[in-house]
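Here is a short report on one protein model.

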Amino acid sequence: MKQLIAFFLVVFSSFTTLAQMPGAPGGKTGQQAPANIGHVYGKIVDTSGKPLGDVSLMILQNKFDTATKKRKDVLLKGIVTKTNGEFSFGELPMFGPLKLKISATGYKAIEQVVTFQMKQSTAPVQKGSNADPAQAMAAMTGALNAFDKDLGNIKLEVDVKQLEAVTVTGSKSMLRMDIDKKVFTVDKNIVSAGGTAVDVMKNVPSVQVDIDGNVSLRNAAPQIYIEGRPTTLSLDQIPADAIESVEVITNPSAKYDASGGNAGILNIILKKNKKSGYNGNIRAGVDKYGAVNGGADFNLRQDKFNFSAAFNGNQMKSKTTGTTDRLNFADTPQTFTNQINKNIMNGGFMFGRLGLDYFATNRTSFSLGVIKVHGEFSPEEIIRISTDTMHNNGTMNSYSERNSTGTRKFNANGVQFGMKQLFPKEGQELTADLNYFSGKNEGNSFYNTDYYAYSNGSKTGNLLQKMMNNGTNRFLTVQTDYVLPIKTTSKIEAGLRAQLRTLENDNFNYIFNSGTNDYQLVPNASSNYENKDNVYAAYFSFTSAIKDFGYKFGLRAESSEYEGTLKNTNQKFSNSYPVSLFPSIFLSQKLKNKQEVQFSYTRRVNRPNFFQLIPFTDYTDPLNLTKGNSNLVPEFTSSFEVSYSKSFKGTNTFLASAYFKRTDDLITRFQDKQFDAVIGEEVLISTFINANSSQSFGTELTSVNTVTKWWDLTSNINIYNSKINTDNINGMSADALWSWFGKINNNFKLPKNFTIQLSGTYQSKTNLPINQGGGGFPGMGQAQSTAQGYLKPVYGVDLAIKKTFLKNNAASATISFNDIFRTRRQQQYSYSEYFEQNYDRLRDPQMIRLTLAYRFGKMDMSLFKRKNLKSGGMEGATDGMQ
């Protein structure tokens with residue numbers, strides 16, 4: 001009888017605690033419920049008794065589902081075992097059977113029922129006045145122990161069949177290949193530690209990166225996304241340590257934004273961790289120039305909330321050297337010009353991100369993210385120009401030397417909000433997203449040019465020039481997507497999207513007037529520019545399968561309008577496309593022995609961007625003045641691709657693709673002779689035009705192989721032919737050119753927790769990438785048009801060594817060597833009816849970086865409980881018995 005009384009006292013004390021809580025009877029509104037004080041723990045081992053870490057465990061409870069009017073197993077909690085195999089579930093319901101599910105890759109899954117039953121005491125019960133309080137206390141302790149269950153050592157048996165099908169063991173593969181995209185895991189790419197997204201892209205298969213950080217995908221500039229949405233951030237503003245993975249989508253379906261023209265999408269996924277408990281890491285590094293970098297990430301998951309924070313700071317100390325040799329046919333008499341550039345860039349940027357996820361119900365979740373970026377840079381450059389004029393009676397020489405200094409600042413802010421609603425029908429979901437990015441930039445440049453009769457000769461003149469600019473950028477994207485499964489093999493996807501973008505930019509050009517002893521504005525070389533670019537879209541796609549044959553048909557409709565205004569002259573430029581249709585077709589056939597063949601067709605558009613449109617002359621490089629063209633129109637591209645994939649035993653995968661792309665009204669660089677108000681004469685200016693068309697076709701091969709247990713290898717090669725037709729301009733179309741690009745990445749796991757990564761790239765002679773540098777003006781010596789030159793062959797080799805140490809390998813030290821052999825030079829040959837030019841540039845060769853990192857975390861949820869046996873009322877119950 002005493003035992004029963006003790007049991008009721010325990011339960012009563014728990015209910016008393018609940019009564020004090022909001023929603024409990026007698027406290028606030030709500031229904032009374034028994035306390036969740038159940039505790040289950042144990043250890044997972046293999047058949048030899050060795051502890052197993054990272055084993056998945058789930059506690060399920062059978063409940064009545066009001067939506068389906070049926071009973072079903074509902075997930076209460078899920079965890080993974082520690083490295084020593086131990087696990088612990090707390091705050092479990094006291095009544096009703098629970099189900100424990102255990103699973104691990106390569107082992108047979110286990111299910112077992114968990115119940116809490118109070119044990120009856122075998123001691124004789126004393127009656128009347130002889131009742132012993134100690135006996136009652138013992139009875140209560142027994143009641144408490146009934147809700148604390150040790151499952152002991154649970155053994156898992158090896159599943160031979162599952163092991164044969166395993167594709168990844170121990171850790172994530174650096175490259176995961178699907179037939180419609182490749183996913184590159186950045187954590188495995190130790191070469192990019194301490195760098196930016198530009199360094200990450202250098203090791204992503206299919207992606208080429210030039211000396212200025214411009215990326216191309218199959219020789220064309222792709223769209224850059226963050227978390228599946230367009231961004232105003234450039235790659236050099238995103239730290240490598242903030243990136244989780246990069247998705248390479250070569251032929252996007254109708255679901256994706258049709259912008260991007262004749263290239264695909266590079267989708268950057270930022271790091272976030274939703275494991276229960278807390279975890280994070282801190283890191284710091286330095287490069288050979290003394291530029292430091294550092295950052296920290298933190299994540300906390302408790303109940304229905306997940307909070308994440310990240311901060312990165314990167315200092316920049318960059319050095320670039322270059323030479324340009326040009327023979328000018330248009331000059332009378334002809335001239336030969338040699339230009340030598342030395343550039344130093346000092347500065348840095350900070351990147352911060354806060355994220356909050358709220359899991360309102362099992363089917364409804366909300367997410368909020370905030371991004372902040374700030375950067376300041378101070379470029380310095382010396383340009384020496386020597387010109388030989390070829391007269392009949394000999395050669396005359398002139399020489400000039402220009403020193404430039406300046407500052408550049410930018411601030412970017414972003415807000416991302418998302419909602420996801422699941423439905424009882426598996427696969428049915430509704431999502432809504434809102435993304436807002438805004439940026440502000442300002443800068444100034446001062447140019448001091450001295451003129452001499454010849455090198456080391458007497459000074460003959462001087463020109464002082466000042467350029468000042470500022471601008472803003474606002475980017476709003478609203479999107480909703482809906483997925484409706486039909487039976488088991490079919491589904492419908494539909495969505496709406498609105499993209500609203502506004503840019504403003506003011507550029508002022510001044511020349512020093514010795515008469516007034518002040519700078520004088522040059523109106524014809526200054527511009528105040530504003531443009532609005534709005535795109536509205538809707539898409540629909542249907543996916544189904546007939547046995548091993550799958551198909552997906554999609555159609556996207558976009559309405560776009562563009563309006564630009566030169567505020568100082570009130571000139572307006574606009575174009576409008578009320579409705580443009582973009583169909584997509586995907587067909588796939590699964591074959592025997594883990595083989596699959598796929599065909600795809602898409603139509604896409606590339607709209608001219610702000611820098612390509614703004615009619616403002618940039619004087620950064622005297623030999624290569626640049627200016628936008630406000631009369632540009634969008635280009636449209638049709639893409640066809642056939643892919644074949646084969647998975648071999650273990651982690652070996654092969655993917656082959658053949659593709660063809662044709663673009664009409666291609667936007668490309670072009671050089672022409674125009675009168676310049678600042679210089680006061682006709683000069684060669686690099687601008688943008690709509691060429692007749694372009695086409696390219698080729699074959700890409702990608703292979704992921706595990707050579708041995710300690711060596712894995714990823715290789716990629718792209719063989720292609722490209723041609724640009726500019727007959728509509730001057731009839732100087734370049735001949736079609738066969739080229740190839742290769743990339744290889746080796747990872748070696750060595751004893752004592754050492755890892756080595758060795759990677760290399762090779763680019764053969766090729767036509768200049770289409771739309772390269774579309775986000776800004778070309779740098780010094782940049783070639784004038786993709787139709788008027790080619791890139792010379794270039795290769796580079798990178799090496800990184802990583803050592804992990806401390807408990808659970810929580811700490812690591814990484815040293816990386818980029819461009820080991822000093823061979824990653826950018827060399828171009830270009831020509832036109834006005835000139836013939838060669839140029840050579842080298843930026844930060846043989847770069848060395850050292851990065852230290854430490855990760856921490858605790859997945860034990862008991863650290864975050866709001867009540868335990870003492871704070872939850874048990875202590876008061878014991879005191880009352882004494």
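A residue counts as buried when its relative accessible area is under 20%, as exposed when it is over 50%, and as partly exposed in between. This model is predicted. Tyr551 has a relative accessible area of 19%, so Tyr551 is buried. Phe553 has a relative accessible area of 41%, so Phe553 is partly exposed.

**Aromatic rings**

A pair of aromatic rings is described by the distance of the centres and the angle of the planes. The structure holds 20 aromatic pairs. Tyr551 and Phe553 form one of them, a tilted pair with 5.6 Å centre to centre and 40 degrees between the planes. Phe582 and Phe636 form another pair, and their planes meet at 15 degrees with the centres 6.3 Å apart, so this pair is stacked.

| Pair | Centre to centre | Angle between planes | Arrangement |
|---|---|---|---|
| Tyr551 and Phe553 | 5.6 Å | 40 degrees | tilted |
| Phe582 and Phe636 | 6.3 Å | 15 degrees | stacked |

What does the pair of Phe582 and Phe636 tie together? Phe582 lies in strand β28 (residues 571–591), and Phe636 lies in strand β32 (residues 635–647). The pair therefore ties together parts that are 54 residues apart in sequence. Both Phe582 and Phe636 are buried.

Tyr551 and Phe553 also belong to an aromatic cluster. Phe542 and Phe549 complete that cluster.

The charged end of Arg326 is over the ring of Phe835, 4.8 Å from its centre. The charged end of Lys765 is over the ring of Tyr790, 4.2 Å from its centre.

**The chain as a whole**

The protein chain has 6 helices and 46 strands. It has 882 residues, and buried residues make up 47% of them. The chain exposes about 41,800 Å², with carbon and sulfur atoms supplying 56% of that area. Among contacts with a separation of 6 or more, 68% join residues 24 or more positions apart.

**A buried serine**

Is Ser560 buried or exposed? Ser560 is at 6% relative accessibility, so it counts as buried. Ser560 lies in strand β27 (residues 549–566). Leaving aside neighbours within four places in sequence, Ser560 is in contact with Asn534, Val535, Ser576, Tyr577 and Arg607.

**Nonpolar cores**

The largest nonpolar core has 33 residues. Met201 and Ile268 have the most contacts inside this core. Several elements give two or more residues to the core, including α4 (197–201), β14 (243–249), β15 (265–270) and β21 (394–422). The largest share, 4 residues, comes from α4.

Which residues does Ile268 contact, leaving aside its neighbours within four places in sequence? Among them are Met201, Ile224, Tyr225, Ile226, Leu235, Ile238 and Ile243. Glu227 and Ser245 are also in contact with Ile268. A second, separate core has 23 residues, including Val40, Leu52, Phe87 and Met94.

**Confidence**

The mean pLDDT of the protein chain is 80. A pLDDT of 70 or more is reached by 81% of the residues. Over residues 162–171 the pLDDT is below 50, and this stretch has 14 contacts in the model beyond near neighbours in sequence. Over residues 860–882 the pLDDT stays under 50 as well. Those residues have 35 contacts in the model beyond four places in sequence. Where pLDDT is low, the predicted coordinates should not be read in detail.

Note on methods:
Residues numbered from 1 in each chain as written. Predicted model: local features only at pLDDT ≥ 70, side-chain atom pairs only at ≥ 80, totals over all residues. Heavy atoms only, no water. Phe/Tyr/Trp six-rings, centres within 6.5 Å; stacked < 30°, edge-to-face > 60°. Buried < 20%, exposed > 50% of the residue type's maximum accessible area, 1.4 Å probe, protein only. Lys NZ or Arg CZ within 6 Å of the ring centre and 35° of its normal. Contact = heavy atoms within 4.5 Å. Areas by Shrake-Rupley, 256 points an atom, 1.4 Å probe, with all protein chains shown as cover. pLDDT = per-residue confidence, 0-100. Core = buried A, V, L, I, M, F, W, Y, C linked by side-chain atoms within 4.5 Å.
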